[in-house]
Amino acid sequence: MAATSMIGAAVKRREDPRFITGHGQYTDDIKLPGMVHMAILRSPYAHARIKSIDTSKAKAMAGVRAVYTGKDLEGKVGNMPPVFIIPDANFKTPAYPVIAIDTVRYTGDQVAVVVADSPAIARDALDQIDVDYEPLPVVVNEEEAVKPGAPQLHSDVPDNVLFHWKIAGGDPDAAFQNAEVVIKERFIQQRLIPNAMEPRSAVARWDPGTGELTIWHTTQNPHITRFVFSLLNGIPENKIRVISRDVGGGFGSKIDTYPSDVVAIFATRDLGLPVKWVEDRRENFVGTIHGRAQTQEAELAATRDGKITGVRVKSYANMGAYTSTGPAAGVPTWLFGLVVPGAYTIPNAQIEVIGAMTNTTPTSAYRGAGRPEASYLIERMVDRLAGELGMDPVELRRKNLIPADAFPYTSATGLVYDSGNYQAALDKALAMVGYDSFRQEQRQQRQQGKYVGIGFSTYMECCGLAPSRLMDDIGFQAGQWEVGTVRLLATGKAIVLTGTSPHGQGEETTFAQIVSDKLGLPIEDIEVVHGDTGAISMGWGTYGSRGNAVGGSAVYLATEKVLEKSKKLAAHLLEAAPEDIVAENGKFFVAGSPGKSFSIQDIALQANLAWNLPDGMAPGLEENSFFDPLNFVFPFGTHICVAEVDAETGETKILRYIAVDDCGVVINPTIVDGQIHGGIAQGIGQALYEHAIYDENGNLITGSMMDYVVPNARQIPFMELDRTVTPAPQTPHGAKGIGEAGTIASTQAVVNAVVDALAPLGIKNLDMPLTPERVWHAIQQARGGSNGH
Amino acid sequence: MYATDFAYHAPASLREVVALLQQGDPNGGEVKVLAGGQSLIPLLKLRMAAPAALVDLRNVAELRGISEEGDGVVIGAATTYFQTIDSPVVQRRCPLLVQAISQVGDPQVRARGTVGGSLAHADPAGDLPAVAVALDAELRAVGPNGQRTIAAKDFFVDLLTTSLDPAEVLTAVKFAATDRPHTGTSYQKHRHPASGYAVVGVAAVVMLNDDGTVQAARIGVTGAGAHAARASGVEQAIAGKTLDDATLTSAVASVTDGMELMSDTYASSEYRAHLARVLTKRALLDAAARAR
Amino acid sequence: MRQTIRLKVNGVERQGEVEPRTLLVHFLRDGLNLTGTHVGCDTGQCGACTVLLNGDAVKSCMVLAVQADGAEVRTVEGLAVGDAYHPIQQAFWDLHGLQCGFCTPGMIMAAVGILKRNPNPSDEEIREQLEGNLCRCTGYQNIVAAVRKAASDMQGQPAAQPVGASAAGGASGE
């Protein structure tokens with residue numbers, strides 16, 4: 001029921017009944033009369049010239065409606081455009097055709113498309129297409145790709161350098177010249193594959209009568225894809241409806257607009273039939289964006305007593321074969337570089353990033369997108385420095401954490417951190433793990449031959465993307481505001497529209513809580529609608545932990561406007577002044593006279609009937625609010641991992657995982673905890689398990705769930721969670737974002753723990769993932785022998 | 001994921017199964033036996049196998065069931081993993097089967113997958129082949145020339161290859177019972193973090209003398225080489241000895257002798273050999289502890 | 001060469017014409033419009049397609065439709081009894097055992113299978129037994145909690161067993 005305590009209430013999710021009964025409606029569940037099915041022939045070569053394609057046998061098959069090659073589409077659909085065009089970085093824009101025309105540049109590049117009466121026939125037809133390839137030299141590694149003499153991917157991208165970006169703050173050179181201590185380390189952010197459980201898919205339907213296109217598809221941002229489809233397929237934006245009601249996870253991989261969707265739209269117009277395309281998992285591995293994939297050289301300058309004075313980073317970012325139509329180049333630059341100094345008062349910073357084109361699947365945003373890479377770097381470096389100085393890593397952190405009274409804090413990279421109390425989160429986490437006695441216990445365990453370690457991550461991150469006016473400066477070809485609509489119907493029921501597009505984040509519940517809290521409407525009377533450009537005027541989607549911070553803020557402000565109007569109408573009906581009206585638990589009455597009141601339902605009815613409105617008041621009870629954030633939001637916290645290494649086999653076991661996070665005001669604690677759980681699981685995945693490996697010929701060796709580890713329930717530990725609450729000063733409800741924090745925080749906590757466990761052997765760094773063999777080899781090497789058992 | 005199409009037969013008798021296999025495909029395509037399908041169906045979907053016809057064993061009642069036969073337990077080839085580990089006879093007489101099968105795949109796979117299917121598929125990283133070797137299994141097959149029995153050590157020939165003829169079908173497997181005094185068994189596995197297969201798996205049977213020394217042992221190793229194999233060198237090296245650390249360390253050094261070690265991005269041949277040594281040691285110690 | 005199959009799905013006799021290569025999951029989704037059973041991978045790892053086949057949780061992407069001829073199948077759509085959710089469904093809802101919901105039907109059906117064989121599992125056993133079902137959203141914490149809660153709820157009220165599971169419900173789990 002409605003109550004004034006909806007903010008912070010552990011309300012059960014309103015979206016769940018349809019999911020637990022199998023009645024969710026994902027794109028692959030859509031069936032339309034006369035629907036035909038599309039399948040994509042993908043390149044088995046990482047780099048090759050297409051000498052010829054013979055589609056005649058496929059075209060002659062019974063049930064095959066069409067076969068398209070790149071040449072068939074040339075001039076009829078546009079090339080895939082970049083979305084993040086990094087300024088002042090000599091950014092290149094090589095052509096990215098929706099179907100390869102004469103050259104394939106990665107294993108999985110689209111070569112031809114079949115449309116047939118059934119998915120099985122479409123798949124059969126792929127086997128009947130003959131392609132004559134002339135293999136070309138291949139480069140897959142980001143550092144190799146930009147060396148002289150490396151195989152070139154695009155004639156207009158010399159040395160495969162897509163961009164060369166640099167930012168600096170303070171005087172980093174001086175900091176390093178004057179440093180008492182400098183440590184250097186090389187980190188490899190291995191390539192990861194998002195692997196949302198629902199593969200990508202699309203159902204496109206062209207209505208020749210109205211000239212309207214409807215496309216159901218797996219996207220995190222239907223309005224952005226509507227814009228891209230309009231641009232590429234030449235359909236006016238107002239004639240396109242994109243629907244993405246239920247989407248089975250994204251983790252960044254469904255931000256991008258993909259060539260497959262553009263071809264499906266071409267096909268439905270060409271054939272006049274609804275066209276469905278469903279990616280299979282093997283295709284997902286090569287045809288959907290990858291994440292991370294950077295090699296970093298990091299340096300930290302410090303005084304001997306542990307004050308960090310500077311950080312310098314040179315990073316090679318593997319962008320893959322094309323700039324994907326998504327965040328792509330923004331990830332290893334802005335989203336990474338700005339947060340490199342982390343939670344510490346580091347006055348001098350320099351970050352340089354070279355974007356390399358390689359014969360691999362394009363990379364873009366994967367949960368955290370840039371910030372996990374930065375957070376890992378700084379948190380590992382702080383531990384390295386502690387080791388170097390012989391200081392406790394907690395003590396070193398305390399010495400350098402931004403103090404609670406320093407907010408708003410301007411970082412060396414120019415960010416203005418909104419609010420925080422980093423020490424409070426650290427203290428809470430230390431108490432949970434019992435750090436006071438930990439080191440003593442660790443010493444005893446070491447004497448028993450056990451390798452147990454503890455790893456800290458006193459992370460911060462920067463999310464809630466983002467002030468639109470900054471987007472122009474950083475080269476993102478989009479706005480980042482949101483609009484929320486709150487509409488009360490005559491029966492007292494409410495419809496809430498949001499341009500964010502949740503796909504697991506639970507905003508049908510949290511946004512309803514925001515509205516319920518303010519208006520006193522029962523939550524079950526509030527329907528949150530998302531993922532439909534036909535219903536929602538505009539929106540920029542769900543990613544970058546922006547759903548609640550930006551979309552929720554817009555809904556909050558729209559609700560306030562509804563409340564204001566309701567008060568005015570109540571005042572009119574009660575023959576009082578609006579400023580004398582009190583709204584409480586869904587009742588409107590004159591202050592001091594709660595006996596005579598109108599309910600919010602009464603107000604909704606009166607507003608919609610409009611029989612008796614005050615002069616000048618428009619009928620209806622519906623308000624929009626456009627919210628453009630003034631700043632990012634800055635969640636933070638402390639994660640602690642305790643891990644044990646089996647020195648005989650190199651296997652790591654997480655003994656305890658503790659997370660204290662602060663995402664400002666919490667609307668729904670259950671949902672927030674769920675986001676943290678899932679985020680940590682993905683961070684642990686990177687630390688211990690996940691790795692997309694290409695061989696030298698550009699074949700993705702870990703190209704299925706048989707090879708690439710999507711962590712299972714045995715591999716993820718029980719997590720102990722707590723939180724602190726430091727409200728966000730620049731969102732109306734005080735909430736920050738929480739979608740990515742767990743991932744941004746966790747990876748380094750695990751690696752720090754393992755390195756700490758192995759510290760007695762002199763091990764200072766390990767490359768991820770920490771597979772048993774890798775750890776075993778490191779132990780062997782450290783022991784200086786080959787006696788492994 | 002759509003397989004190529006094929007003809008499907010589900011005969012009710014073993015005789016018909018053999019006849020269909022013998023007949024083959026008129027166009028020279030492959031005719032394959034379908035048991036639980038937990039290995040074969042994924043291969044069909046990936047089009048890594050494209051048979052012309054499948055002969056499903058699901059209606060052949062004579063291929064299912066568990067019985068005691070002298071010093072062993074006979075399990076029908078089409079008996080599922082669940083049926084096997086739920087059997088009180090197996091639990092009592094061949095606990096090694098229960099321990100190993102409980103680590104095969106996941107519960108859904110164990111509900112469908114069959115003992116015979118796993119052995120006939122001969123995945124180099126399958127769990128059951130190691131157990132078959134350690135339990136001195138006799139594999140019974142029927143073909144156009146009638147019945148024959150193949151010893152486990154002769155059954156696994158190479159990667160995904162057994163000594164079965166194309167028209168032969170595995171009918172049952174007899175595993176040596178280990179419910180004898182001073183006898184213990186253990187299966188130790190390093191599980192692939194994605195596939196769940198054995199990167200290396202070691203199945204051991206240890207029989208102790210009254211004084212705690214090893215009377216005899218049988219060790220089957222899977223995952224390390226192209227097919228499951230018996231680690232005879234280790235067995236001989238520990239015979240008559242007490243399983244102390246020095247004995248074990250020296251004995252297990254030879255565990256991969258004669259194996260062509262596999263290597264992949266998850267585990268190099270060097271690491272596999274190391275795992276084989278470590279797991280053999282652990283399996284022997286665990287088996288010996290159970291034997292006491 | 002299409003074949004006719006007859007099977008009982010969620011208690012109702014159904015019939016269909018399928019190619020031998022048709023997977024059970026495709027028959028359920030496309031032939032019977034039971035789209036609650038999902039396809040998340042092609043190698044049998046993800047478990048999103050888990051259904052009950054003759055009472056056992058199986059991956060319907062690793063079963064041919066022709067193999068299910070004559071069988072009894074239960075999908076997530078057939079789990080609730082009238083308006084009452086199965087205790088496992090209820091526990092997933094109560095304890096936030098799902099986020100995007102895509103793995104959820106398979107997860108729930110797998111949990112039915114787990115509790116049938118082991119009505120009172122430990123957390124560790126639940127994690128082991130859920131190995132065949134991948135979730136990318138929840139980190140499994142609330143899924144494990146939900147299965148544990150369902151186990152205790154079901155022990156309190158055995159009558160809430162679903163029809164499909166009850167037939168073979170007492171067969172094992174000792």
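How many residues of chain C are in contact with chain A? In this predicted model, 42 residues of chain C contact 43 residues of chain A. The most is given by H2(C), which supplies four residues. By residue class, this side of chain C consists of 20 nonpolar, 15 polar and seven charged residues.

Within chain A, an open sheet is formed by four strands in the order E18-E26-E27-E28, with mixed pairing. From one strand to the next, the twist averages 15°. E18(A) runs antiparallel to strand E26 (residues 636-646) of chain A, and 10 bridges join the two. In this pairing, Ile454(A) has Val642(A) of E26(A) as its bridge partner. Helix H20 (residues 741-757) of chain A lies across E18, E26 and strand E27 (651-662) of chain A, and runs at about 150° to E18(A).

Chain B is divided into three parts: domain 1 (7-56), domain 2 (63-176) and domain 3 (183-291). The centres of domain 1 of chain B and domain 3 of chain B, taken over C-alpha atoms, are separated by 35 Å.

How values were computed: Residues are numbered from 1 along each chain as its sequence is written. Chains are lettered from A and ligands numbered from 1 in the order in which they are written. This is a predicted model: local features need pLDDT of at least 70, side-chain atom pairs count only at pLDDT 80 or more; totals for chains, interfaces and linings use all residues. Domain bounds come from an automatic or database domain assignment. Two residues are in contact if their C-beta atoms, placed from the backbone, lie within 7 Å. Ala, Val, Leu, Ile, Met, Phe, Trp, Tyr, Cys and Pro count as nonpolar, Asp, Glu, Lys and Arg as charged, and the others, Gly among them, as polar. Two strands pair if DSSP finds at least two bridges between them. Axes are lines fitted to C-alpha atoms, for helices over the stretch in contact, and angles run from 0 to 180 degrees between N-to-C directions.
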